[in-house]
Amino acid sequence: MAHAPRERGQREQGQNTLGSIRTIFAFMLKRYKFLFVLVIAGILLSSWAMVQSTLFTRALIDDYITPMLTQADPDFDALAAAIGRIAAIAAVGVGSTYLYNRLMVTISQGTLRDLRIEVFQHMESLPIKYFDTHAHGDIMSIYTNDIDTLRQLLSQTIPNFINSCATILMVLISMIMLSIPLTIVTLAMVGVMLLASGRIGSASAKHFADQQKHLGDVNGFIEETISGEKVVKVFCHEQRSVDEFHKRNHALRDAATRANTLAGILMPVVFALGEISYVLCAIVGSFVAVSMGLLSLGTLVSFLSLNQSFTEPITRISQQLSAITQAGAGAGRIFALLAEEPEADEGYVELVRARVGEDGKVEQTSEHTGHWAWRHPHQADDTVSYMPLLGELVMDGVDFGYVPEKQILHDIRLFALPGQKIAFVGATGAGKTTITNLINRFYDIDDGKIRYDGINITKIKKSELRRSLGMVLQDPHLFTGTVMDNIRYGRLDATDEECIAAAKLVSADDFIRRLPDGYNTQITGDGGNLSAGQRQLLTIARAAVADPPALILDEATSSIDTRTEQLVQAGMDALMKGRTTFVIAHRLSTVRDADCIMVMEQGRIIERGTHDELIAAHGKYYELYTGNQIESE
Amino acid sequence: MDIIKKLLGQLGEYRRPALIAPLCTLVAVGMEVLIPYVMALLIDRGIAQANMGQVWLWGGIMLVCAVVALLIDSASAVFGSRASTGLASNLRDSLFEKVQTFSFSNIDKFSTVGLVTRMTTDVTNVQNAFNMSLIIATRAPISLVASLVMSVIISPGLSSIFLVAMVVLAAALAAIVFKAMPLFGSVFERYDDLNASVQENVTAIRVVKAFVREDHENQKFSRAAGDLHDLFVRAESLIAFNNPVMGVAIYGCIIALAWFGTHSILAGQLTTGQLTSLLGYVFNVLISLMMLTMIFVMVSMSAASGKRIVEVLDETPDIVSPEDALTEVRDGSIDFEAVNFSYRSGDGEETLAGIDLHIDSGETIGVLGGTGSGKSTLVSLICRLYDVDSGAVRVGGQDVRAYDTEVLRDAVAVVLQQNTLFSGTILDNLRWGKPDATLEECQAACAAACADEFIDRMPDGYDTVIEQGGTNVSGGQRQRLCIARALLKRPRVLILDDSTSAVDTATDASIQRAFAEQIPNTTKIVISQRVSSFGACDRILVLDAGHVAAFAPEERLIQTCDIYRDVYQTQNRQGSEADFDELEGVGRDPLSQRFDPAFADELTKAGE
C-alpha cells in the first residue's frame, strides 16, 4: 500500500521531466542569477576561442603556408604575429574555461546545499501521516539518490549542455560561411545520428526500466533474507534461499545485459556515424575543390575540423539526455516532497512561564518559576487572558480512522484530572497507541472534542501542546551523539547536573556509569550498542529532563525485565507524581495502581475503573489479568 | 592487485566475452586511428594533385574503416556489457551463497547492513567500473599508443611536441587527482554521516515532533549540510582545473604544430596533408590521456567496494558440519557441561560462565533472568548458532558439534526473539517449517499456536500475502505465526525465546496448554519475563549475569531463590490481602464519581 502512491507519482513525473528540470533551474537562478550569467559568458568565450583555433588552420594553410611555399625568402614575422594572436585567443579561452568551471562549483554546490536544507526542513514540517504512509526507504532515496543525481546535473550536465549548444551554434555559423554544400552534408549526417540515437535510446530506456525493476526485486530479496538470516539458519532454509536467489539474480542479469548492450552500442554507433560524416565531407569536399575549384585546401581542412567539432557536442548531448531524464525523475520526486502539505497549525494559544501575582492573578514571566500558563489571546477585544497549566484532559465522543474507510476509534470518552494516572490496556490493535497519537495531535480527530485544561486542543499551537506532553514511545529511538546529548534532547538548556539527576531519577545512572565512557559514550546507529532495556531507560530519562506537566508512556518499560522495572518503577513513580499520565502497557503489573484503567477492544473502551473495581466486576479485565480466558482478540 | 585478481576470478563463464571485448576494441581503434593518416594521403595525392581517382580511392578506404570500426565497436560493447553484467551476477551469487554458509559470529562481524551494502551498492560499483574499464581502459591506451605511433611515422621531430604536452598534462592531472582524492574521500564520509542523520530523523520523527525539536534538527542539519558544501567546494575547485589544463595542452600543441610544422613544410620535410593529420592526432592523444585519468579515479573509487566484496568472499565460515556427521538426533535431552562462552572470545567478558545442567527429553523448562543475563545466548548454543569457548553442549547425548548442522537444527526448533516473517503468503511462511506440509497440517499447527482465529478472519485466509518485514500483521499475530511455523517442524526440542511477549496472558496460557497436550515428548524451553508463562514448566532455570542462579521446580524456587521470589511476588500481587489495602487509598470510589458531573451531563445531553 505504501508503494502505490510512489508508483503513481512516478508515472506523473515521467510526463513532467521537463517541468521538474525547469523548476530546479529556477531554484538555482533565484540564488545565482548574476554568477550564472557570468558562466554563460565564460562558456561562450571558451567555445568562441575553440572555433577560432579551428578556423586558424584555414588561415595557416591558405594565407601562410601556401603563399610561403612560393616565396623564395619566406617572411616568418607575419606568421609569428598570427600565432601570437591565436595564442592570445587561446589564453582568453583557457581563462574563461577556468572561470566558468570554478563558478559552476560555487553555483551547483550552493544550490545543492540550499536544496538539501530546504528538503530537510520541509520534511521536518510534514505531518506524521506522511512518514506513516511512505516507505522510509523511499524517503531516504530522495537524499541518497535523487539529490545526488541533481549534483551531476548541475555541476556537469548543465554546463556541458550549454557548452555543446554554444559550440554547435558557432560551428554551424562558421560552417555555413565556409561552405554551404558541405554544411548540408554534415547536417544530413547529424539527422541520421539523431535518428539512430533516438531509436536506440528509447529502446534501451525501456530495458533500463526493466533492469531497475529487477534490481529492486533482487535488492529487496537480499535485504529481507539477510535481515532474517537467523530465521533462515534456524529453519535450515539456506539452500532454498540460494535457489530462489539464483532465479531472481539471473533474471536481473538478463535484463541488465539487454539494457547495457543497447546503451553500450549507442556510443560507438554515434561515434562511428561521426567518422562517416567526416569521411563523406572529405570526399564531397575534395570533389567540390578538385572538380569545381570552389574550395581552397585550407577551407576544406578547416571545415573537416569543424565537422568533428560539430558532431562531438551532438554525441555529448545524446549521452547527456539519459542523465537529464534521470535527474528529471529525481527532481520530480524532490519537488513532490516539497509539494506535500506541511502540518497545519491554526492554534494560537501558547504556553508561557507563569507566576502567580500577589492578587492571585496569573502573570507571564521570563523567569524559571516551575509554573506554566496558557496564554490565550482574544481576537474580539484584543485582550489576553492567562490560565494556569494543570494537566486536565477530556476526550468527548472522539471518532478516528487513519483512512476514511476504516474507523479505528469509536466514541472515546475519558476524563483525566490533573495528576491522575490513566492506563490503557487491551490487545494489540485495540487502539491504545492511536489515542495517544490524538492527544499530541500527531493525527487529528474525525469527530468529537479533546480539551486540555478546558481548551480545545486545536486552538493550542502544536509545538506548545507537544511541549507540555512528555512522551516515551514504544520504539526507543536515540540520536547520534553522546548519552548526555540524548538525555538533553528533552530540554536543550538542561545542565549536565540536571541530565544526571534525571538519569538517577529513572535508575539509568547506574548502567550509564558502567559504559566505557560513561555519560560521554557515543551512541551510534540508533543505539545499536545498547540493549533494548538500556535504550528505554535513556528515553525515560530524556522525558524526565523535559519535566513536562503531562506524560504519555507507550509501553515504556516493555523491554526492561521485571527486576529492573522494579528499580525503574520507583523513578517512574517519582516522575509521574503530580503529573497527568497516560500509560499503555501489556504487563498488567505496570498499570495496577492507575487512577482509572481503560480496557480497550477494537477501538472502544469496554470497561473502565480502578484495578479493584475491574477485578471485582469479573469482566474482560479480570479475564486478561488472571489468564482464564482463551482469546482476547 | 590481489583484489582485482580475486574479483576477476569470479568472471567464470564470462571470461571469454571479457577477453573478446578488448580485442574488438583493439581492431576498432586501429581503424579509427588510420582515418587521419589516410586523410593526409587523400589531401596530398588527391586534392593537392587534383586527382579525383585518388580521392575516391582513399575516401573509399576511410569509409570502409569507419564502417568496420562501427561494427566491431558495437560487438565490443555487446561483449563488454555481457561480461560486466555477468560478473556482477556471479559476484552476487557467490556472495549470497557465501553468506548462507556464515555462522552468526561471521554475520555479526560484518553486520546485516554491511552485508546488504556489499551485495547491492558495492557490486553495482564494481560492475560499472569493470564495464568502463573494458570499454575505455582498453580504448584509451590503445588509441594513445596508436596515435603516437602514427605521428612518429609521419614526423618523428614534430611528434616530440606531443610527448612534451603529454608529460605536462599527465603531471598536471596527476597533481589534481592526488590532491583531490583524499578530499573526495572525506567528502563521501561526511556525505554518509549526513545521510545517516537524515535516516535517524525519518525513523525517529515521532520523537522529534513529540519534543518539538524540528528547529533543533534543522539547525543541526543546516550545519552539517554547510560543512559538506565547504568540503565539496574545496574538492571540486581542484577538479575545475581539469578542463583549463586540458585546454592549455591542446592549444599549446596546435600553436607549436603551426609554427614548427610550417617550418618543416617549407623545408620540404612535411606535406600540408601530414600537418592536418598531426593536428587530428592532437585530440586523440590528449583526450585518451584525459580518459585514462578518469578511469584511474573511477577504479580507485570502486577499489574500496571491491575490497569489501573480497572480504566477504575470503571469510571462512566458523561453523561447519564435520566430515562424518551424525544424521539423527536420538531424543530431546540436553546437557551443558562446564560451558563458557563470550561473543568476542578473549576479551574476558564472558556472557555465559560455568554452565552445568541436564534436561531430560520431554521436560518443559522455563528460563528467567534479567536483561543481559544470557538467556538468549544459552539457547543459541543448543542449535549451534554459536560454538562454545570451552565445555560442551550435548543434544540427545551427543555433542552438537558432531551433528550435521542441518539435522541438528531440524531437530531443535527455535522461535527467536527477533522473529521475522518473509514476503509471501501465510502458507509460504508456515511451510518454512515443513516444505511439503499440507493445508490441514498448517491449520493444525496454527490452531495449537492460537493463530487460526485471526487467519480465518483475514480476507484471503491462509493465502493472505505478508508484506516485507511482516508489517501487515500485529506483533502478537506475528509471534503466533512464528510459533506455528516452528511447530510444523515436529522438533525434538522446541525453544521459545520470549516469543509470546506481545501475546496477552490468556492466549499465552492456552498456547502452553496446547504444547503440553499435542507435543508431550518434545523438550520445551520457554524464555519469558512473565512468571505466568511458566505455569506448565517442570523446572525453571534462573540465570543471573551468565551464571545459573537456580534450577528447580517453581515451588522450590519460591522458597529458595530470592530472584525468583522477587519477580513472582511483583507479578502476582493481586493475590494478597495486604496489597488490596495498599491500593485502597488510590481509588476505591465508584466509577461514576470519577467524572466531572458537568461533563457527565454534557454526555447525557449529547446522547439524547
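I count a salt bridge when a side-chain nitrogen of Lys or Arg lies within 4 Å of a carboxyl oxygen of Asp or Glu. With that rule I looked for networks, and I found E343(A), K462(A), R466(A), K209(B) and E214(B) linked in one. The model is predicted.

**Salt bridges overall**

Between chain A and chain B the count is four. I noted E238(A) with R409(B), which meet at 3.9 Å, N to O.

**The contact between the chains**

I looked up who takes part. Chain A brings 164 residues and chain B brings 166 residues. The buried area is about 14800 Å², and carbon and sulfur atoms give 67% of that area. I also counted 29 residue pairs in polar contact across the two chains, both residues at pLDDT 80 or more. On the chain A side, helix α8 (residues 238-292) gives the most, with 32 residues. I sorted that side by class: 82 nonpolar, 49 polar and 33 charged residues.

**Salt bridges within a chain**

I started with R514(A) and D510(A), whose side chains meet at 3.8 Å, N to O. Both sit in helix α14 (residues 509-514) of chain A, four residues apart, about one turn of the helix. R514(A) and D510(A) are both exposed.

Next I took R118(B) and E311(B), a salt bridge at 2.9 Å, N to O. R118(B) is in helix α5 (residues 112-154) and E311(B) in helix α10 (residues 272-314) of chain B, so this pair ties together parts 193 residues apart in sequence. I checked burial too. R118(B) has 10% relative accessibility and therefore counts as buried. E311(B), at 35%, counts as partly exposed.

Then came R539(B) and E363(B), at 2.7 Å, N to O. R539(B) belongs to strand β11 (residues 539-544), while E363(B) is in the loop between β2 (352-359) and β3 (364-369) of chain B, so the pair joins parts 176 residues apart in sequence. E363(B) is buried, with a relative accessible area of 11%.

In soluble globular proteins, nonpolar side chains tend to be buried together. The largest core here has 144 residues, and M395(A), Y452(A) and I487(A) touch the most other members. Helix α5 (residues 136-178) of chain A gives the most to this core, eleven residues. A second, separate core has 109 residues, including A83(B), F130(B), V407(B) and A451(B).

I then listed the contacts of I487(A), leaving aside neighbours within four places in sequence. Among them are C499(A), A503(A), I512(A), Y519(A) and R542(A).

Key
Residues numbered from 1 in each chain as written. Chains lettered and ligands numbered in written order. Predicted model: local features only at pLDDT ≥ 70, side-chain atom pairs only at ≥ 80, totals over all residues. Heavy atoms only, no water. Core = buried A, V, L, I, M, F, W, Y, C linked by side-chain atoms within 4.5 Å. Buried < 20%, exposed > 50% of the residue type's maximum accessible area, 1.4 Å probe, protein only. Helix = DSSP H or I, 4+ residues; strand = E, 2+ residues; numbered from the N terminus. Contact = heavy atoms within 4.5 Å. Buried area = accessible area lost by both parts, 1.4 Å probe. Polar contact = N/O pair within 3.5 Å; in protein donor to acceptor, adjacent residues only side chain to side chain. Nonpolar A, V, L, I, M, F, W, Y, C, P; charged D, E, K, R; others polar.
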